[in-house]
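I opened the notebook to look up a few things in this model. The ligand site comes before the surface.

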Amino acid sequence: MTGETTLVLIRYGEIGLKGRNRPAFERRLADRVRLALKPIGGRVWREHGRLFAEAPVGWAEMQRRLEGVFGIVSFSPVRRVPLDLDAVIAAARDELRGALSDRPPGPATFRVAARRANKRFPYQSMDINRRVGAALLADPPPGRGLAVDLGDPDVTVHIEVRDDAAYVFARTAAGPGGLPVGSSGRALALLSGGIDSPVAVWMMMKRGVQVDAVHFHSYPFTSDRSREKVVDLARILARYGGPLNLHVVHFTDVQTAISRHCPPQWIVTIMRRMMFRIAERLAAQHGALALVTGESVGQVASQTLESLQTIGEVAALPVLRPLVGFDKTEIVEMARRIGTYETSILPYQDCCALFVPKNPVTRPRPEQARAVEAPLDIEPLIAGALERTETLRFAP
Ligand code: ATP
Ligand code: MG
């Protein structure tokens, strides 16, 4: 233990907050931050309308923990010092050095931006700027030239003089934005082992939705490795928006029935309709208000508007497709940032790849699909799959 402690000031998107929602938003955000810092013994509190957190770790570890918390727009490590100019100068020097250590070597520019909320403090803002600025200039970090630039400095040292203490910060890290998970109800995502659906889950979590997942597994057509892959993805996603329940549905009998009774070019469409039906039952059991998929438009043959309609008609719940406006390259980029990409590209196939024919119908119509699936005993197939569903729970 180094005895190091980091205090952070957390900022959130106030512009989009409607007055009435604000207290609930703040409470949820504080809860999510508390959850993120719990394993390291962190504390979270609100003070004068601002959110603070503190934990016995360094800034890098604090960043790692907070940069995934939805609802945070940005956050800064702050020093809280007594209302005394020398103490403020010492803190400003430390913070400037901290900020400069993140930058390439060589000369750097800075400015001081003081705000005096406490009018009893004997120096006015401009006066604080000048005095602290002069002290910093007089004592640059070793090997580093310093100059003041009021227009576009490399580092801005912020000083806020409040009634109880002065707060000094010079570094700011970006949070993901969005809404704290738990603000927007629950949804159930269809999670494959691919690149897209984990990103779709992340995007719904970012909108404050508590997301559970369902995976359709066709053992022994698909291996335990492909199941493990989805389990790994669920574990990564739970870090952002957990707890996350993953329902693993035994889909083998459904797939076997479909490939036995339906023409090959219809297999994908009918399989997806069965997935939606089963997902909707699970959603009802677990209080989910929408389904989520990683579908986009035009990405693959099965993702035409006709296909989305024909698949979607079996579900009464809204089907959310947060990737619908993105290109594959953008989705890949997001998957890398979220940390799911490396797992998603592992080679183990999910159930669909095995059954995909060379020439799937690209413009399936709902009435055709209904005729094609008529030979299936849909209800018993659904009941059988649900009976053999296993639920795993992942903590945040
Ligand atoms: P992904 O990268 O998410 O696998 P994809 O581009 O491969 O998507 P499809 O294979 O057409 O597209 O799947 C479309 C969507 O259907 C997926 O994003 C996912 O939401 C759902 N899905 C597909 N296969 C499964 C599965 N085995 N279990 C659960 N959901 C699935
Ligand atoms: Mg896929």
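**Shell around ligand 1.** I asked which element gives the most to the shell around ligand 1. It is β11, with three residues. I note that this is a predicted model. Next I listed the elements that each supply at least two residues of that shell: α5 (196–206), β11, α8 (267–286) and α12 (351–355).

**Nearest residues.** I counted 21 residues around ligand 1. Leu190, Ser192, Asp196, Ser197 and Arg272 come nearest.

**Polar contacts.** I then checked atom pairs. A backbone N or O atom of Leu190 sits 2.6 Å from an oxygen atom of ligand 1. For Ser197, a polar backbone atom is 2.7 Å from a ligand 1 oxygen. Arg272 uses its side chain: one of its N or O atoms lies 2.6 Å from an oxygen of ligand 1. I also looked up the cover. Ligand 1 exposes 570 Å² when taken alone, and the protein buries 90% of that.

**His217.** I went back to strand β11 (residues 210–217), where His217 is found. Is His217 buried or exposed? His217 has a relative accessible area of 6%, under the 20% cut-off, so it counts as buried.

**Surface patch.** Leu137, Val148 and Leu150 make a nonpolar surface patch of about 280 Å². I placed Leu137 in helix α4 (residues 125–138). Leu137 counts as partly exposed because its relative accessibility is 37%.

Technical notes
Residues numbered from 1 in each chain as written. Chains lettered and ligands numbered in written order. Predicted model: local features only at pLDDT ≥ 70, side-chain atom pairs only at ≥ 80, totals over all residues. Heavy atoms only, no water. Patch = residues over 30% accessible without salt bridge, like charges linked within 9 Å, V, L, I, M, F, W, Y side chains within 5 Å. Areas by Shrake-Rupley, 256 points an atom, 1.4 Å probe, with all protein chains shown as cover. Salt bridge = Lys/Arg side-chain N within 4 Å of Asp/Glu carboxyl O. Helix = DSSP H or I, 4+ residues; strand = E, 2+ residues; numbered from the N terminus. Buried < 20%, exposed > 50% of the residue type's maximum accessible area, 1.4 Å probe, protein only. Near = heavy atom within 4 Å. Polar contact = N/O pair within 3.5 Å; in protein donor to acceptor, adjacent residues only side chain to side chain.
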